[in-house]
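Let's take a walk through this model together, one site at a time. Have the viewer open and follow along.

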Amino acid sequence: MKISFKKAERAQRELLKKLKLRPLEREIKLIGGCDLTFIDPYKNPTVGIGAFVILEFSSLKVVEEIYDTMEVKVPYVPGFLAFREVPLLVKTYLKLKNKPDLVVVDGHGIAHPRRLGIATHFGIVMNVPTIGCAKKILYGKFEEPCEKAGCSSPIVDPKTKEILGYAVRMRDRVKPVFVSPGNLITPEESLEIVLKLGRGYKLPEPTRLAHNYLQTVRKGIIQRKLERTEE
DNA sequence: GCGACAG
DNA sequence: ATCTTGTCGC
């Protein structure tokens, strides 16, 4: 499927009007992590697998895990990731029994050329507080944080000098992750919460667990598919 | 014009 | 985003 940049940008500008970067309104009890993978990432129409893992924020214990699949035809284009991945994230989110008070999304929030990273896009569509946590920078300038776990430095918009988020070192001497608010939260709160989600790994727990869960699910699906075609 | 470019 | 073992450094 082709993608109209003109229409996509227009859609992003429309969604931007609904963005709310304001302090959290209620206490975070349940926190969700989500991620996507594909059966064949190099094929164009391909089957995507989406997953959500819900954790109790205070203990980081898993409360619920769920996944769903969907045919994905939209290609990945930097700056327009949400158009490829949000539909499946929404489909999976709707299956949850335990709705989280906040969702950590694999990708950026407002640290995006038009402030509409996947975390922001999903947060606005679902009207839920979100934080974006990406492994690589997409937009904004930052200084390398100190080498210790817990160190951070702001991601600044080169045009407006606004703070879009933070580069955060979750583990000693390991590459930082890039944290920015998605919707219904502030940059400072996003940083504060992500720091509480560290378990000594590079990624915050919700994201790490969603990713691990997906790997297991994916192997199972591929395995079952093989058994089915050879008997 | 060139480089950079989440997943 | 996937395929993959060992290996090096802290």
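**Where protein meets DNA**

Start with Thr37: one of its polar side-chain atoms sits 2.8 Å from a phosphate oxygen of DNA strand C. Please keep in mind as you look that this is a predicted model.

Arg218 places a polar side-chain atom 2.9 Å from a phosphate oxygen of DNA strand C. For Gln215, an N or O atom of the side chain is 3.3 Å from a phosphate oxygen of DNA strand C.

Thr37, Gln215 and Arg218 are joined around DNA strand C by Pro41, Tyr42, Lys135 and Arg173. By class, the residues of this surface are 2 nonpolar, 2 polar and 3 charged. Which parts of DNA strand C do the atoms within 4 Å of the protein belong to? Sugar or phosphate accounts for 68% of them, and bases for the rest.

Next, turn to the largest pocket, which holds about 660 Å³ of space. Its lining is made of 29 residues, and those closest to the pocket centre are Tyr76, Leu81, Glu85, Asp106 and Gly107.

What is the make-up of the lining of the largest pocket in nonpolar, polar and charged residues? Here the count is 16 nonpolar, 7 polar and 6 charged.

Terms used
Residues numbered from 1 in each chain as written. Chains lettered and ligands numbered in written order. Predicted model: local features only at pLDDT ≥ 70, side-chain atom pairs only at ≥ 80, totals over all residues. Heavy atoms only, no water. 1 Å grid on protein atoms, 1.4 Å probe; cavity = no way out; pocket = protein on both sides within 12 Å on 5 of 7 lines; lining within 4 Å. Points joined across faces, edges and corners; volume = space filled by probe spheres on them. Nonpolar A, V, L, I, M, F, W, Y, C, P; charged D, E, K, R; others polar. Near = heavy atom within 4 Å. Polar contact = N/O pair within 3.5 Å; in protein donor to acceptor, adjacent residues only side chain to side chain.
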